[in-house]
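Please look over the sequence and the structure shown below before reading the notes that follow. They are meant for someone meeting this structure for the first time, and they are grouped by topic.

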Amino acid sequence: MEEWIIMASSLPLVFDAPKRGMPPRHLADLDAEQRREAVKELGLPAFRADQIARQYYGRLEADPEKMTDLPAAVRDKIGEALFPPLLTPVKHIACDGGETRKTLWRAGDGTLLESVLMRYPERATLCISSQAGCGMACPFCATGQGGLDRNLTTAEIVDQVRAAAAALRDGDVAGGPGRLSNIVFMGMGEPLANYKRVVAAVRRITSPAPEGFGLSQRSVTVSTVGLAPAIRKLADEGLHVTLAVSLHTPDDKLRDTLVPVNNRWPIAEVLDAARYYADKTGRRVSIEYALIRDVNDQPWRADLLGKKLRKALGALVHVNLIPLNPTSGSEWDASPKPVEREFVRRVIAQGVSCTVRDTRGQEIAAACGQLAAEADHR
Ligand code: SF4
């Protein structure tokens, strides 16, 4: 994050400085080398490092007391050194017949964050947070209203995944025992503003045990409001995750207000970077577009969106329209269905694929950040 604060120092409203220090290190913050080092510091043989990691990533166990293949005498020591209190569930809220479950977490220092698990017949997707709060100040977003609290650590990002995978495996989510298959970084925060920790988390999520949970890279989506240099950097990481760019409008004039970071990296630069990503990874880029009544839903904007995307990305693009989930007391509202249908038709007419995203969790305030915002106000 720090590098972006410096680069965007002319945009104090857009990039707030984090308000808190970072929590102590956790096993999931460490790569294989660092894990072995940490175990050595505790005076334990190197093979314990993999053993602990297999418990965490393979068996989804985060309580050293339950790691019964470790000698009882060393579990306390390991707990203190590598498993500081990380995330405690404050509450779970379910809707869609229990198949959507939102969890509000409290981190060790009291920071609130959230994740949403969505079960579909053929997959189970977890939407995770990468920051507590967000400094991007998008005016239609609940998280954006509160500013950035702090970056999440790699472990805090990774543990949202472990907890959801364990809940599914143990049958704690409606629909019976299942397997976590997809991860989207679309919860609170701008993932690429917490670049190093997010990339480390993606590696833990996608590496096979004992290095990680072994999910396919193609099942992971990293979203961004368009931090162009970070998109290019991500393209060079050798990862094949899906990139989702929250565009929300095809013209800079409106985007400057809807997504204030556009003042720093305008649409042409963002689409250039997205093209670089698509070329480097061979992955089709997702364009996210929250359709807002009378704001960005006009037919001419649909035409312009289709034209610009076709020109910049050719066939390597797909548009996801998101019916806006209004936040309480907000002046922003979702577009009427006929307007939405016409918008889709026009984008497709330009030769760009376009669908409307299924909006799970409307009744539990699942637009990013709404649950944490509600809890904050109590
Ligand atoms: S929409 Fe995303 S990037 Fe914008 S303020 Fe909300 S969380 Fe941040």
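## Briefing on the predicted model

Strand β3, made up of residues 112–119, is mostly covered, since eight of its eight residues are buried. The model is a predicted one, and its protein chain has 378 residues, of which buried residues make up 58%. The secondary structure of that chain comes to 13 helices and 12 strands. Among the contacts in the chain with a separation of 6 or more, 68% are accounted for by residues 24 or more positions apart.

- The hairpin formed by β2 and β3 has four residues between the strands, and G110 in its turn has a positive phi of about 95°.
- On the other pairing of β3, strand β4 (residues 124–127) is antiparallel to β3 over four bridges, and the bridge partner of V116 in β4 is C127.
- The strands β3 and β4 also form a hairpin, with four residues between them.

- Strand β1 (residues 87–95) and strand β2 (residues 100–107) run antiparallel and are joined by eight bridges.
- Within this pair, T88 has R106 of β2 as its bridge partner.
- Four residues lie between the strands of this hairpin, where D96 takes a positive phi near 55°.

**Nonpolar cores**

- The largest nonpolar core has 109 residues, and those with the most contacts inside it are I183, F185, L309 and V319.
- Helix α6, residues 154–169, gives the most to this core, contributing 10 residues.
- Apart from this core lies another one, of five residues, including V116, M118, Y120 and C127.
- Once its neighbours within four places in sequence are left aside, F185 is in contact with I128, S130, I157, P191, V198, V202, I205, V220, T221, V222 and S223.

- The buried residues of α7 are Y195, V198, V199, A201, V202, R204, I205 and T206.
- In the loop between α7 and β8 (220–224) lies P210, and the peptide bond from A209 to P210 is cis, with omega near 10°.

**The shell around the ligand**

- Nine residues surround the ligand, and the closest of them are C134, C138, C141, G144 and V225.
- The residues of this shell divide into seven nonpolar, two polar and no charged.

**Residues in loops**

- A137 is found in the loop between β5 (131–133) and α5 (142–146), and its phi is near 60°, a positive value in a residue other than glycine.
- A137 counts as partly exposed because its relative accessibility is 26%.
- D294 lies in the loop between β10 and α11, and it too is a residue other than glycine with a positive phi, near 60°.
- D294 counts as exposed because its relative accessibility is 63%.
- N296 has its place in the loop between β10 (285–291) and α11 (299–313), and this residue is buried, with a relative accessible area of 0%.
- Not counting residues up to four places away in sequence, N296 touches H248, T249, L254, L258, Y289, A290, L291, R301 and F343.
- N296 and S335 are 39 residues apart in sequence, and the distance between them in space is 9.1 Å, C-alpha to C-alpha.
- R59 is found in the loop between α3 (47–58) and α4 (72–82), where, not counting residues up to four places away in sequence, this residue touches R54, D69 and R169.
- R59 and F213 are 154 residues apart along the chain, and their C-alpha atoms are separated by 9.4 Å.

Terms used. Residues are numbered from 1 along each chain as its sequence is written. This is a predicted model: local features need pLDDT of at least 70, side-chain atom pairs count only at pLDDT 80 or more; totals for chains, interfaces and linings use all residues. Side-chain values use heavy atoms; hydrogens and water are left out. A residue is near a molecule or strand if one of its heavy atoms lies within 4 Å of it. Ala, Val, Leu, Ile, Met, Phe, Trp, Tyr, Cys and Pro count as nonpolar, Asp, Glu, Lys and Arg as charged, and the others, Gly among them, as polar. Two strands pair if DSSP finds at least two bridges between them. Helices (H or I, at least four residues) and strands (E, at least two) are DSSP runs, numbered from the N terminus. A nonpolar core is a set of buried Ala, Val, Leu, Ile, Met, Phe, Trp, Tyr and Cys residues joined through side-chain atoms within 4.5 Å. Buried means under 20% relative accessible area, exposed over 50%, partly exposed in between (1.4 Å probe, protein chains only). Contact means heavy atoms within 4.5 Å.
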